[in-house]
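Please open the model in your viewer and keep the sequence panel beside it. The stops below say what to select next and what to look for there.

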Amino acid sequence: MSDRPVPTRERSLTAPVAHPLLSLSLTALLDDVHGHSGAVYLLSPDEPVLEMAVKAGLPRAFTTPWERISIGAPLPVAEALRRRRLVWVSGEEQMAARFPRIAVVLPYPFALAAVPLVTEDTAFGAIYVTWPSSHPPELSDWERNHLTAACARLAQRLERADAASLPIGSEPELRDPLTMPAPAALPGSAEAARMVARLPYGMCALDMHGRIEYANPAALSLLGVPAGSLVGAPLWAAVPWLNDPMYEDRYRAALISQQTTSFVALRPPGDWLSFRLYPSGDGLSLRITRARAVSEMSRAGARPGEGPPRLVTISQVLNLASALTEAAGVQDVVRLVADEISPAVGSSALAILGAHGGRLHVLGHQGYEDASVIERWHGVPLTEPLPGTHVLTTGVPAFFDSWQQLEHLYPRRRDFPDGMASWAFLPLIASGRPVGTCVLAYAERHVFPADERAVLTSLGGLIAQALERALLYDAKHQLAHGLQEALLPHSLPRLPGLQAAARYLPATLGMEIGGDFYDLVASGAGAVAVIGDVQGHNVTAAGLMGQIRTAVRAYTTVGQSPAEVMRGTNRLLIELGAELFASCVYLRLDPGRGRVVMARAGHPPPLLRGPDGHVKVLDLAGGPLLGIQGPVTYPTSEFTLTPGSVLALYTDGLIESPGVDIEDALAELGERLAQGGDEPLESLADRLVRDTATADERLDDVALLLLRAPLPA
């Protein structure tokens, strides 16, 4: 279903209403459907943004990233409002596939429903409700109808309040909807406290924010922290050796999923402790014991075949996201996934798959000893029953702990053995559509628990965004280079009394395309040589370069002099209004008489190597850059091209580099020309561009045109 326009009306959001309409409505809704947490969002009157007005059930820190969200954001409440219908997310895998932004921050098992607050004429906002992971995978008809009806009633009440000009806005934060009575209010609470104090293992009570409200003597002894420092502080803040995001992550997982979670931590110098968290609607209970088995295993060493535990932390996710923003092409994405994700999740190899023309395409791979085992997938029809094609076409992740699992579902896979033991096939979904599949392969058997599946699927969302950009970049790059190759001469003509060689090197940054050009054209008994450089490194520069080259050829064909060709080309650029300028050297050569006439427009001077090896810089008179100003004169100069001489025309990319003086670079180019001037012209061309061609970064493109008047036979 396509998104619908969201009609809004000016409303007052400056102050809360006297009656806590939103708070009471949300509390009643959570109680009715047994929801764990929820929030009400209202549309901002000034911008297309949803703002959280009231929330309940979870600490605000859990929802801070989404307190203000754009209506167009790929998030459940925004989608519910755009489409004016209930959005249901059954669990962590579906959340990772549809809303990776949430799954990356909250990679825990829970269900969510988002419902719009709309009337026939006005959209007010949306509500979301979450349930623990124990909720069935589908909403019951009663739940769906009750959610829809409750939100419709609230929207009508908001409409009446709006009509009465009552202010509607944020309200004080709600307490937890399901609150147990305090222990002091329960019969026998004093005896219960004495009983907990006598327990041989540690017991702590944590509030919704993870702050310790009570700790028995055994807990204080095991943690080694006095009660005054412990009570009232979060566990990971009060205990220095628990100050690790991984331990806080277990608290968040328990609170959101309402499932028991556990972890093991090392208390220096060598005591392993086991922590088990039991969540409820108003906080958590924590049990602390000595982890003897872990201590013995630590002393004995890891079992054969067991690798160290791995966890993709938030810092690793942020680092990957930052790195992926720098990826330009598809191979950059493959390299970054191999460098950043594979070590974090322990995979041995990976492949990135795409589709083109109804067939599977292997976009890149790393880690396979025999590349052919993965490259044989290339060109397989998407209709083939293989996990890579199925995930790519459906957008549903697939995990296989063993070869038996994989072969059972996909018998055809036995024709594509890769020597691995376990696999994760992650859909790469961007802009609402699958753009590829990321295959993570493990050399040894690897079990994928639910939380790891959610994290991996969420990472697939990050990879997908980068891959979509990379595919677009590569397509534009290919188009741009095709354009530039079409505009440059495919070969140089064979001319009597003249030898020629040329080189072109694109820039290595950006689109790797520029406006450098060269040409060699027969003209009567002689020839015309031209080289130039259009400002910029984009398709516009390449297109303008083609127009200049065509214009120069046309003016030459009708017999204009070098000065007239320069004036005509300058006039053309100004009339085109391209707002780009160009430099150019135009030579009319008469090899039979050894005569050359040159016109220059702001271009670096040619180099002339004489038969004796001496190199001269032809810094002769010239005019301004083409396209700068209107009628202008371009003076011409004449010089002699004696047999055995070599003339080098080049663009500034050959001599300009950061931190190098232009005069020094020109002198160095002259030395290389002097030393290799007697070589075959093709070898000399390679010599002159060698340093530039092997540079890791080339900020500008390079064009070189060499002309030699051969010695008499």
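Helices and strands in this tour are DSSP runs, numbered from the N terminus, a helix needing at least four residues and a strand at least two. The model is a predicted one, and residues are numbered from 1 along the chain as its sequence is written.

**A residue in α17**

Begin with A475, whose place is in helix α17, residues 450–487. Its relative accessibility is 42%, so A475 counts as partly exposed.

**Helix α5 and what covers it**

Next select residues 141–163, which make up the 23 residues of helix α5; from its first C-alpha to its last the helix reaches 33 Å, close to the 33 Å expected at 1.5 Å a residue. An α-helix has 3.6 residues a turn, so residues three or four places apart point the same way. With that in mind, colour the buried residues of α5, which are E143, H146, L147, A150, C151, L154, A155, L158, A161 and D162. What covers the buried residues of this helix? The cover includes α1 (21–33), β1 (37–43), β5 (110–118) and β6 (123–132).

**Aromatic pairs**

Show the aromatic side chains, among which there are twelve aromatic pairs. One of them is formed by Y41 and Y128, a tilted pair with 6.3 Å centre to centre and 45° between the planes. Because Y41 lies in strand β1 and Y128 in strand β6, this pair ties together parts that are 87 residues apart in sequence. Both partners are buried, Y41 at 2% relative accessibility and Y128 with a relative accessible area of 11%.

Move on to F263 and F275, which form a stacked pair, 4.8 Å centre to centre with 10° between the planes. F263 is in strand β9 (residues 261–267) and F275 in strand β10 (residues 271–280), twelve residues apart. F263 is buried at 9% relative accessible area, and F275 is buried at 0%.

**The largest cavity**

How many cavities of 30 Å³ or more does a search of the whole structure find? There are four, and the largest has a volume of about 250 Å³. It is lined by 19 residues, of which T63, W66, I102, L112 and Y128 are the closest to its centre. The elements giving two or more residues to this lining are β1, α2 (76–83), β5 and β6.

**Backbone stops**

Finish with the backbone, keeping in mind that most residues other than glycine have a negative phi, and most peptide bonds are trans. In the loop between α1 and β1, H34 has a positive phi near 60°, and H34 counts as exposed at 64% relative accessibility. Just after α5, S165 takes a positive phi of about 60°. Q258, in the loop between α10 (245–257) and β9, has a positive phi near 55° and is partly exposed, with a relative accessible area of 22%. Lastly, select P268 and P269, where the peptide bond from P268 to P269 is cis, with omega near 5°; P269 is found in the loop between β9 and β10.

Note on methods:
Predicted model: local features only at pLDDT ≥ 70, side-chain atom pairs only at ≥ 80, totals over all residues. Heavy atoms only, no water. Expected span 1.5 Å × (residues − 1). Buried < 20%, exposed > 50% of the residue type's maximum accessible area, 1.4 Å probe, protein only. Contact = heavy atoms within 4.5 Å. Phe/Tyr/Trp six-rings, centres within 6.5 Å; stacked < 30°, edge-to-face > 60°. 1 Å grid on protein atoms, 1.4 Å probe; cavity = no way out; pocket = protein on both sides within 12 Å on 5 of 7 lines; lining within 4 Å. Points joined across faces, edges and corners; volume = space filled by probe spheres on them.
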